[in-house]
Amino acid sequence: MLNKVRVVLVGTSHSGNIGSAARAMKVMGLEQLVLVDPQCEVDEQTLALASGAGDVATNAKIVATLEEAVADCELVFGTSARSRNLNWPFVEPRECGQKAIEQALTGNVAVVFGRERTGLTNEELQLCQYHLGIPANPEYSSLNLAMAVQTVSYEIRMAFLEHQRSAYKEQVQEYPRHKELEMFYEHLEKVLIDTQFLSQKQPTLVMNKLRRLFNRARPELQELNILRGILTSIEKKKPQNSD
């Protein structure tokens, strides 16, 4: 999904900013960089500030217009550092990350960043479905380009990781039936008595605590089978009675 998310830099004037943005992207697993009408070259300063992410910068696609950069995208976010007269849907980085990952399941997504000094024009912002703003300190909201890219890239990665965790949780797990759990508890009690960990006269207190432990852990069927296998192995290794 991260390969479906591209970062688009419009009219970048300082080559070092391209390198810093590439580094911010790669740290968060984003590698699709598009440069729209850059006012500088990808040069030595770019690679120096990329600091190991030079491949993202050197492989960047260069296009003439923003329309070309987002032509195949199903969802486009345009960053804006100041209030606009346009009545456009507005999101912050966290919501942007969530929406980007949801859309990346089926199509390409672009996050567009404007010029260092002037940002995006109203015409460019109108090409975006959402305007994206970072809720910085209103008394000092100065973010450079790489900082903005880093902030948004982080939220995209967090949304991606949460999607992975949710997908894992949604996998169907097979859990033991009540009868199988009871058979396990009987087996466990027998082995603990045989190994003299429990007294045959008073096993209830400890067994109740062990029941609570396993009920809280809620082992899956495969895990329960492993535990049964361990108990069987212990039974086979019981020391022989001495003469």
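This is a predicted model: local features need pLDDT of at least 70, side-chain atom pairs count only at pLDDT 80 or more; totals for chains, interfaces and linings use all residues.
Residues are numbered from 1 along each chain as its sequence is written, and side-chain values use heavy atoms, without hydrogens and water.

Find α8 at residues 178-194 and α9 at residues 204-217. Helices are DSSP runs of H or I with at least four residues, and strands are E runs of at least two, numbered from the N terminus. The two axes come within 11 Å and cross at roughly 135 degrees. Axes are lines fitted to C-alpha atoms, for helices over the stretch in contact, with angles from 0 to 180 degrees between N-to-C directions.

Which residues of α8 meet α9? They are E182, F184, Y185, L188, E189 and L192. Their partners in α9 are M207, L210, R211, F214 and N215. Contact means heavy atoms within 4.5 Å.

Now take the loop between α8 and α9, where L198 sits. L198 counts as buried, at 6% relative accessibility. Buried means under 20% relative accessible area, exposed over 50%, and partly exposed in between (1.4 Å probe, protein chains only). Beyond its neighbours within four places in sequence, L198 touches E189, L192, I193, P203, V206 and M207.

Last, turn to strand β6, residues 108-113, which holds N108. N108 is also buried, at 19% relative accessibility.
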